[in-house]
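The following account considers a loop, a helix contact and a group of aromatic rings in turn. Please keep the sequence and the coordinates in view while reading.

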Amino acid sequence: PGGPQAAFARASFEESTSNQMAIRAADAVIAEPGHRYNPLFLVGPSGVGKTHLLNAIGNELSARLGATGRVACVGAQVFIDELIVALQDGTIERFRARYRAADALLIDDVQFVGDKERTQEELFHVFNAWVGAKKQSGRTSDRAPAEIPDREARGR
């Protein structure tokens, strides 16, 4: 899976009173990945910096992990499209292995999986495996988990 976009640095993220809690949570994730705020779920309207902060977390984690570490940072639509191809091609185990091999999985715009039952199922299994292995996961959404239509309760 793709990694974080280098243009989104933590140092360039603007702090204000409206995003202090998100920044503190992001810093806690960077300091101790897989321990606090796992999964990290950043919620807010479009344009407030969720994607920037998610990629900044990914870049910081990549720097901490070094050359051997792998941080997957993808948009939900990319995850969905790759899953569909894997299901059609019969390569679902390869798909799972690729994502599970990463040390962190950060998914942007997770609200797009709301009505996609199979995608929700795959995400649930990946996140479940990661939490148990103390690997960091993170998501962004323009809606709170409870507001995402058809979202399974176990994935909230």
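Does Y37 count as buried, exposed or partly exposed? Y37 counts as partly exposed, because its relative accessibility is 40%; buried means under 20% relative accessible area, exposed over 50%, and partly exposed in between, with a 1.4 Å probe and protein chains only. The model is predicted: local features need pLDDT of at least 70 and side-chain atom pairs count only at pLDDT 80 or more, while totals for chains, interfaces and linings use all residues. Residues are numbered from 1 along each chain as its sequence is written, and side-chain values use heavy atoms, leaving out hydrogens and water.

Y37 lies in the loop between α1 and β1; helices (H or I, at least four residues) and strands (E, at least two) are DSSP runs numbered from the N terminus. Its phi is near 55°, a positive value in a residue other than glycine. The loop between α1 (20-31) and β1 (40-43) also holds P39, which is joined to N38 by a cis peptide bond with omega of about 5°. A positive phi, of about 60°, is also found at D109, which is not a glycine. D109 is located in the loop between β3 (104-108) and α5, and counts as partly exposed because its relative accessibility is 26%.

The helix contact comes next. The axes of helix α3 (residues 76-89) and helix α5 (residues 117-132) come within 10 Å and cross at roughly 100°. Axes are lines fitted to C-alpha atoms, for helices over the stretch in contact, and angles run from 0 to 180 degrees between N-to-C directions.

Rings of Phe, Tyr and Trp (its six-membered ring) pair if their centres lie within 6.5 Å; planes under 30 degrees apart count as stacked, over 60 as edge-to-face and the rest as tilted. The structure holds 3 aromatic pairs. The pair of F79 and F95 is edge-to-face, because the ring centres are 5.2 Å apart and the planes stand at 65°. This pair links distant parts of the chain, with F79 in α3 and F95 in helix α4 (residues 92-100), 16 residues apart. F95 and Y99 form a tilted pair, because their centres are 5.0 Å apart and their planes are at 55°. Both F95 and Y99 are buried.
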